[in-house]
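Welcome! Take a moment to look over the model below, and then let us walk through it together.

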Amino acid sequence: MLDYRSILTFLMGLLISGLSLVIFLKSRRRAIHIIYGIFVLLVAIWSFSLGFYYLSSDLETALIWAKFVYFFGSLIPTFFLLFSFGFPDETTRFPWGKTIVLLIPNLLLLYLYFWTDLMIEKIQFFTFENDRIFVLGPFYWAFEIQFLSYFAWTYNIIARKWFSTKGRLHAQLSYILIGTLIGTILALSTNVVMPDFLNNSRFVWLGPELTIIWVVAIAYAIVAHRLFDIRIIIRRTVVYSGLLIFALATYSIVVFIFAQLFGPDGQVFTSRSFVTNLIAALAIAVGFEPLRKWLTQTTDKFLFKGEYDPQTVIQQLAQSLSSVLDLDEALDTMMQLTVKNMRLAHAATVVIRPHLLLSAESKATAPEYDVHRIKQVGYKNPSLMTLDGNDIVIKYFTQLRQLVVAEELSQAISTYQGQSIETQILDRLNKFKIAVAIPLVVKDRVIGIVMFGEKLSGDPFLEQDLKLLQIISTNTAGAIEKARLYEEDQLKSEFVSIASHELLTPTAAIEGYLSMILDEKLVKVDEKARDYLTRVYQSARRLSQLVKDLLSVSRIEAGRIVIDRQPTQLERVVDQVVNDLLFLAKGRGVTILWNKPKKPLPLAFIDQEKLIQVLINLVSNGIKYNRAKGTIQITTTAMNKSIAIEVSDTGMGMTKEEISHLFEKFYRTQSATNAAIQGTGLGLYISKKLIELMGGEITVTSVVGQGSKFTVIVPQTKEANKRLITGDPNLMSPDQKEIYGR
Amino acid sequence: MLKILIIDDDLTLNQMYEERIKMEGYQVLTAHNGQEALEIAQTAKPDLILLDIMMPGLDGFAVLEKFRQLPQTRKTPIILVTALIQETVRIKGNQLGATDYLVKSEITPAQLVAKIKQYLVLKPKSANGTLEEE
């Protein structure tokens, strides 16, 4: 019979089929989506079957449809179980094995349903409500067991997964778990528990409607890109339901009282009026909040014309300040923004720096701060504002550290016959036409004062205005500090570079001329003079080495080193290093043993110049810290993706403790210092950094009294890098191009 | 006698190199800025050029580019000698056609001479068909 039950169940069936199609189309390849699609489709078919059952006019067809309902109903937990096994795996392999095994009970039930009467005997009329009921057969329990046990198993699996996961997966499982629990428990109660145990089949048609919660929750969990916090959804549902119930209850009570007092019949609870009440209550509950918002906004527009939105101002300010590193620009931006949005007359900012005491000054009389910068926006006559470190305003605010409103100050003065300092400050503020002054504080230091003129409208500054100004000033303080640090950093790098170069030129001249003087082939020198000049030369070399090392360290730390990696034949690099240091080695009586490999090494991918620098450092260390007539061994080994270069010496060796500090700046071992060997303590620090920048590493092992072994590991040239040999820009990667400036 | 042209505005090291190179028996020509350098190079046709990068007016790179365009200096070995230790400088020099690159503060006069000799030996046959060697 075409009644509300059949209509509803058909409708549900349609909706659910639609959902199934959407999910399936989203990702046909993933097994989990396919399983879910089948699961949802089964729910839809079940719903349709139920619809047909209600629709059928005779008992025979009703029986057949009933059997279908049960059969498809029993397939639902099977596929949901499969889903719970698989979630959240992304594989495309369909779990045929598991499916077949799990389907066996279903097939058994199929047989029992359709070829026997053991499950459902028949349908008969239940004349009390002009309805029909099932008469269940003796094997009905088979259905209940399959159904409930599969569900129990599924709950178990999902619950366990939920307990053991975190983050997004946990959130997804929350949706699945809650949706499943609510949906299945409700649906089970109307469709299994009530009919089977309480003999009440009247609400079976509710089944599909309740399962929609279940189905949708899972769909959302697996499809949504970013999930809502499920707690928000629960809260919203509770809030709205609560509101609804409240509205309904209030309305009903009021109507009831009215009826009792004034009405003759008390007949107020007809189903029609109930429904209208319901709709009205729903409309109020849902529409109240948006309506309130809209009304507030509209009246605000009329009453508070020209008001600014603090959120917007802060957001704009934060955005513009974040990309500005220049002090002047930062101050300008901030002041323009504030003056424009809050409609002020003008603004000014004073940036102060701690005063550096000059030798001629005495600490007692010198000011604590210097004015570094004054920036003004909107002033017709900017030169009126002159401040220096001695100004009372500076002194006042560096101690007060609080916002000052000129009007309040003047009131305080007149009320309490304020002290002279407040009067002086007020005079200054009035001179500069300042209405609000806020000190800028960073980490407990005052770095400036930002001052704002009055509002163009003449209105006073309200609490919310001052709050906003305070936030603006905090942000500005941060931006100023950032600009200052950046400036300092730039200057420092430049300073060190320039200073180093200025130092290196004369030292190069000294070394150069000395080397020429000491070259017997070129210049004739007296014995004594030669002796002294040799010592001068050694000191000059030491000085220039130190300056070069300091420059290297400064550049490394500023990130200014550019590594130019090329496929390189390491044998040639070692050849050059050995060649360069032969003289030094001979002078100390140390022999360098270069175990050149017979088979050529694979090409290393390194910056040749830097590697030479590193190897010279290691080998010269090996020479310097060696014993008389000692040796240095250099070996190279090709490994899987890298090449190892080992430099071992027969020197004094190091303890584990010393090794742990070895690569630190300025570190020298005790024995090295004791042996009065010249060294800056920077060589290994620089070497380690350079090798690391090339994608390699340095390690060291040592035995005290026997010697040390330094191992440098560098990467090999991969296929991709071999193309660098041609230098063809079309073959270069973007960062290679950057280095080559193409 | 082979001619070496040194282009540098800083006299300190310039003079030192000049001294040393003369001791080897080469003739030394000097220029203190890019303009002078181009004029001398075109008239005197040096066998090797030592070029400083940091100079007022026309900087070393611009001079290098010009040298590589002029027929008289297109194939001349040009060694960039500079105080700058920056890799980008070396790479750029390479791009513009410099033969080699030396850092003033790192090279001794002896090493400079060795490098010069190395590039002079590699010099191709001169216009009159004889291979000019040291």
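Chain A holds 23 helices and 14 strands, where helices (H or I, at least four residues) and strands (E, at least two) are DSSP runs numbered from the N terminus. This is a predicted model, in which local features need pLDDT of at least 70, side-chain atom pairs count only at pLDDT 80 or more, and totals for chains, interfaces and linings use all residues. Residues are numbered from 1 along each chain as its sequence is written, chains are lettered from A and ligands numbered from 1 in the order in which they are written, and side-chain values use heavy atoms, with hydrogens and water left out.

Of the 742 residues in chain A, 42% are buried, meaning under 20% relative accessible area with a 1.4 Å probe, protein chains only. Contact stands for heavy atoms within 4.5 Å. Among contacts in chain A between residues at least 6 apart in sequence, 69% join residues at least 24 apart.

**Strands that pair in chain A**

Two strands pair if DSSP finds at least two bridges between them. The table shows two such pairings.

| Strands | Direction | Bridges |
|---|---|---|
| β9(A) (residues 591–595) and β11(A) (residues 631–638) | parallel | 5 bridges |
| β11(A) and β12(A) (residues 642–649) | antiparallel | 7 bridges |

What joins β11(A) to β12(A)? The link is a hairpin through 3 residues. As a general point, side chains in a regular strand alternate between the two faces of the sheet.

**Where chain B meets chain A**

The contact draws 24 residues from chain A and 21 residues from chain B. Together the chains bury about 2,000 Å², 62% of it on carbon and sulfur atoms; buried area is the accessible area (1.4 Å probe) that two parts lose on being put together, summed over both.

The rule finds 1 salt bridge across this interface, a salt bridge being a side-chain nitrogen of Lys or Arg within 4 Å of a carboxyl oxygen of Asp or Glu. Its partners are Arg20(B) and Asp519(A), at 3.9 Å from N to O. On the side of chain B that touches chain A, the elements giving two or more residues are α1 (11–23) and α4 (87–96) of chain B. Of the elements there, α1(B) gives the most, with 7 residues.

Definitions and conventions:
Buried means under 20% relative accessible area, exposed over 50%, partly exposed in between (1.4 Å probe, protein chains only).
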